[in-house]
Amino acid sequence: MGHDMPVQGTTPEPVGDPQWVAWTLRRLSGSPFRAKFRLSDADRAYARAKGRATIDRHAHEMLRTRVGGAQPIKDGKQTPWKGHPVFAAQHATATCCRGCIMRWHRIPKGRALTDAEVNRLAALVMAWIDRDLRDHPAQPEPPAEIVKSTTSQPKAAPTASMEPLF
Ligand SMILES: [Zn+2]
């Protein structure tokens with residue numbers, strides 16, 4: 001969705017995916033329409049609860065099934081505005097429909113996305129989610145024991161299973 005004008009890069013389009021992702025995020029930040037998107041509090045809580053590997057898998061699956069085909073169903077309207085962190089990220093990164101993907105990322109319509117294209121667009125979506133989460137750190141838990149019991153038992157250490165950005 002959206003009829004914003006794609007922003008041209010100030011440097012040539014890089015070849016490697018990490019460089020391309022950074023270059024594309026800079027272009028997207030030049031579009032008022034794209035730059036206004038944020039994850040909701042619910043999106044952030046969901047992303048942190050699920051962990052990065054799961055959201056990355058969702059990003060690949062959702063791009064493949066919703067925009068990856070040669071003729072995606074309801075193309076131009078298939079990406080809700082909210083309900084999953086990847087949805088917001090797709091609007092923010094112009095990976096929401098084949099029209100936006102064509103105009104911003106110069107991938108033609110009418111054919112399926114290749115695996116390499118899905119991987120590259122998923123990397124862009126995840127970099128955008130990473131940045132939003134980094135810019136909005138999780139709120140610390142409120143103190144667990146405001147009324148402290150007399151029997152202080154050693155508490156289990158907080159699980160350190162979350163990945164740094166999530
Ligand atoms: Zn779109």
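Helix axes here are lines fitted to C-alpha atoms over the stretch in contact, and angles run from 0 to 180 degrees between N-to-C directions. This is a predicted model: local features need pLDDT of at least 70, side-chain atom pairs count only at pLDDT 80 or more, and totals for chains, interfaces and linings use all residues. Residues are numbered from 1 along each chain as its sequence is written.

The protein chain has seven helices and zero strands. Helices (H or I, at least four residues) and strands (E, at least two) are DSSP runs, numbered from the N terminus.

| Helix | Residues |
|---|---|
| α5 | 85-92 |
| α6 | 98-105 |
| α7 | 115-135 |

Take α5 and α7. Their axes come within 9 Å and cross at roughly 105°. The two helices are therefore roughly perpendicular, a term for angles of 65 to 115 degrees. Pro85, Val86, Ala89, Gln90 and Ala92 in α5 meet Val125, Trp128 and Ile129 in α7. Contact requires C-beta atoms, placed from the backbone, within 7 Å.

Now α6. Arg98, Cys100, Ile101 and Trp104 are buried there. Buried residues have 20 or more other C-beta atoms, placed from the backbone, within 10 Å of their own C-beta. Seen down the axis of α6, the buried residues fall within an arc of 160°, so they line one face of the helix. The arc is that of the directions from the helix axis to the C-beta atoms. Their cover includes α4 (52-67). Arginine 106 follows α6, with a positive phi near 55°.

Across the protein chain, buried residues make up 27% of the 166 residues.

Definitions and conventions. Angles under 35 degrees count as roughly parallel, over 145 as roughly antiparallel, 65 to 115 as roughly perpendicular and the rest as oblique. Two residues are in contact if their C-beta atoms, placed from the backbone, lie within 7 Å. A residue is buried if 20 or more other C-beta atoms lie within 10 Å of its own, exposed if 12 or fewer, and partly exposed in between; C-beta atoms are placed from the backbone.
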